[in-house]
Amino acid sequence: MAAPEPVIERKETLPGWSARRADYTKVSRFGAWLASAILLVAFWQWYTTKFDVSPAIFPGPLRVWQSLVANSKDGTFFNDLIVTMREVAIGFFGGSFVGFLLALLISEFRPVRTIVYPYVIGLQSVPKTALAPMFLIWFGFGIESKVALVISTVFFPVLINTLSGIERTDPDQLDMLRAYCGRRWRVFLRVKLPSALPSLFAGLELAIVLAIIAAVVSEFLGAVGGLGYRILTYNTNLDMAGEFAALAVLSVTGFVLHGIIRMLGQRMVFWGRHRDGASGA
């Protein structure tokens, strides 16, 4: 009589366990960041109080908070933020479109790469602070000069990341699709574009932060509104608390916009990213 086969217990994965684990990881990461932020603010307040640091040199977080509340109640920061965000939005979308279009042309047409690409690299090598005064002369002190500087800053990271994604397309997939349909635009839409999207969104994440920086820098040189103009005014009046408050508004705005782009990338390009948002291999 044959011996009975041993019973092997199988441990089934509980439904939703992976999702709960991912949520726990996110909560723990946020908790670690929140704890570090609280410690940093507490040390900042202790340092300015302990050593009696002048608010005109380095204000404490309590003074910065008071300035933030005061300028938010009277609408100062809100109006300035609208001005800066108009410049950022127009320049970001315009620069991203230019960068994506150039990446497409450079990757698909060899003469464009030979002629245009060296000019692109040369333009990017010029400091944007050197271009800003020229844009003021050419386009004036209105929104046009700010948008021009944002576009010139944004298009390059979008171009480079998109071009890198296109060039990493699997050559075997390209050969197979060319054998079936042959048309260049079909090959681009079905293989090259999906391959480039993860890199494109990585470039957009960088571009949105650079767009804010470029808009503020352009407002430093000549503007009648915006957070950059407000920071320069506070600096002239030695109102460091107001300057720190304006910088805090910029930081939070950049964090939120970056998070929006990152979330869109995770939803739209789910095949190229892990759950935590890192790019896939």
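1. Residues 24 or more positions apart account for 69% of the contacts in the protein with a separation of 6 or more. Contact here means heavy atoms within 4.5 Å. This is a predicted model: local features need pLDDT of at least 70, side-chain atom pairs count only at pLDDT 80 or more, and totals for chains, interfaces and linings use all residues. Residues are numbered from 1 along each chain as its sequence is written, and side-chain values use heavy atoms, with hydrogens and water left out.

2. The fold is helical. The protein has 10 helices and zero strands. Helices (H or I, at least four residues) and strands (E, at least two) are DSSP runs, numbered from the N terminus. From that end, the elements run α-α-α-α-α-α-α-α-α-α. Of the 281 residues in the protein, 35% are buried. Buried means under 20% relative accessible area, exposed over 50%, and partly exposed in between (1.4 Å probe, protein chains only).

3. Helix α2 (residues 61–73) and helix α10 (residues 240–268) have axes that come within 8 Å and cross at roughly 70°. That makes α2 roughly perpendicular to α10. Axes are lines fitted to C-alpha atoms, for helices over the stretch in contact, with angles from 0 to 180 degrees between N-to-C directions. Angles under 35 degrees count as roughly parallel, over 145 as roughly antiparallel, 65 to 115 as roughly perpendicular and the rest as oblique.

4. Next, the residues at that crossing. From α2 come Arg 63, Val 64, Ser 67 and Leu 68; from α10 come Ala 241, Gly 242, Phe 244, Ala 245 and Val 249. By class, this contact of α2 with α10 has six nonpolar, two polar and one charged residues. Ala, Val, Leu, Ile, Met, Phe, Trp, Tyr, Cys and Pro count as nonpolar, Asp, Glu, Lys and Arg as charged, and the others, Gly among them, as polar.

5. Aromatic pairs number 13 in the structure. Rings of Phe, Tyr and Trp (its six-membered ring) pair if their centres lie within 6.5 Å; planes under 30 degrees apart count as stacked, over 60 as edge-to-face and the rest as tilted. Phe 43 and Tyr 47 form a tilted pair, 6.2 Å centre to centre, with 35° between the planes. These two are four residues apart in helix α1 (residues 17–50), so about one helical turn separates them.

6. Tyr 47 also pairs with Phe 51. Their ring centres are 4.9 Å apart and their planes are at 45°, so this pair is tilted. Tyr 47 is partly exposed, at 37% relative accessibility. Phe 51 is partly exposed too, at 49%. Ring pairs link Phe 43, Trp 46, Tyr 47 and Phe 51 into a cluster.

7. Leaving out residues up to four places away in sequence, Thr 162 touches Phe 100, Ala 103, Ala 196 and Leu 200. With the same exclusion of residues up to four places away, Asp 80 touches Gly 225, Gly 226, Leu 227 and Arg 230. Asp 80 and Gly 228 are 148 residues apart in sequence and 8.5 Å apart in space, C-alpha to C-alpha.
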